[in-house]
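Let's take a walk through this one, going from charged pairs to a helix packing. Have the viewer open and follow along.

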Amino acid sequence: RDDVAGFSIGSLGAGETPGGVRAGLLAAAIAPLPAGKPRHITGLGAPLEIIMCVEAGVDLMDASFCHVCTQQGYALNFPLEPPQKGGAGLNVGGDEDSAPGGKRKRAESGAGAGAGAEEENASRDDEGALRTEKEEEQEAEQRLVAGGDAFKINLWALSYRRDPRPLLPGCDCFTCSNHSRAYIHHLLQCHEMTAAVLLDIHNIHFYCNFFAEVRSAVGAGKFGEFAAFHRNRAAVGGA
């Protein structure tokens, strides 16, 4: 229609089965809409839901996801983009520095060191792959123990009561620049409203950055790679 500025899609995120059923409903709602008008959606706001909406052709999302996370004591914490070739991507939020077994032992020096180094080099690829798998499993298990998932950490969890790190290493929001996970955990345990204020600051700041990466991936023609990266992380529990 030429007499409307755009179209709003509602009633999703209200109990329908996630995944294929939800995607099918969204596709059916969008199919009759003209391509030249913006599409707006309410009710869907989690990272994988945002990715699904973008793939379906939605232009604007309106949801309370960030604040719902805040109300439940969660802080958004996940890599914003896939790792770049030859180095890591914008992987703020990874807790790799705390993962056990993260560093490879050096080859011992002395007699026979040359043969030992040669043998280690021969099996380096296999060993590295095996250790990476173990590290990923350990990180996924830690997230389960802490009550988080591939996209957020639960600051109510006792595992953060002495954690001196910011909510998201590398994040430049006010909360991460000035406060630790342990402090936010303490505020939650005391039912202090400042916890919600600080979590909201971080979650909204971080999600704005996530949407900036979504736009960048679309503009660069790499949204398929971007979507696959986040879906793969979710499938293995964030490892």
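Start with R231 and E55, whose side chains form a salt bridge with an N to O distance of 2.7 Å. Keep in mind that this is a predicted model. The pair ties together distant parts of the chain: R231 belongs to helix α9 (residues 223–235) and E55 to helix α2, 176 residues apart.

Now hop over to D163. Its side chain meets that of R165 in a salt bridge, 2.8 Å from N to O, and it also meets R181, this time at 3.4 Å. The pairing with R181 again joins distant parts of the chain, with R181 in helix α7 (residues 181–189) and D163 in the loop between β5 (152–154) and α6 (174–178), 18 residues apart. Put together, D163, R165 and R181 make up a network of salt bridges. As for accessibility, buried means under 20% relative accessible area, so D163 at 8% is buried, R165 at 18% is buried, and R181 at 0% is buried as well. The total for the model is five salt bridges.

Back to α2, this time for its packing. Helix α1 (residues 20–30) and helix α2 (residues 47–56) have axes that come within 10 Å and cross at roughly 35°, and the crossing is right-handed. On the α1 side the contact is made by R22, A23, L26 and I30, and on the α2 side by E49, M52, C53 and A56. Sort those residues by type and you get six nonpolar, two charged and no polar.

Note on methods:
Residues are numbered from 1 along each chain as its sequence is written. This is a predicted model: local features need pLDDT of at least 70, side-chain atom pairs count only at pLDDT 80 or more; totals for chains, interfaces and linings use all residues. Side-chain values use heavy atoms; hydrogens and water are left out. Axes are lines fitted to C-alpha atoms, for helices over the stretch in contact, and angles run from 0 to 180 degrees between N-to-C directions. Helices (H or I, at least four residues) and strands (E, at least two) are DSSP runs, numbered from the N terminus. A crossing is left-handed if the near helix is turned anticlockwise from the far one by less than a right angle, and right-handed if clockwise. Contact means heavy atoms within 4.5 Å. Ala, Val, Leu, Ile, Met, Phe, Trp, Tyr, Cys and Pro count as nonpolar, Asp, Glu, Lys and Arg as charged, and the others, Gly among them, as polar. A salt bridge is a side-chain nitrogen of Lys or Arg within 4 Å of a carboxyl oxygen of Asp or Glu. Buried means under 20% relative accessible area, exposed over 50%, partly exposed in between (1.4 Å probe, protein chains only).
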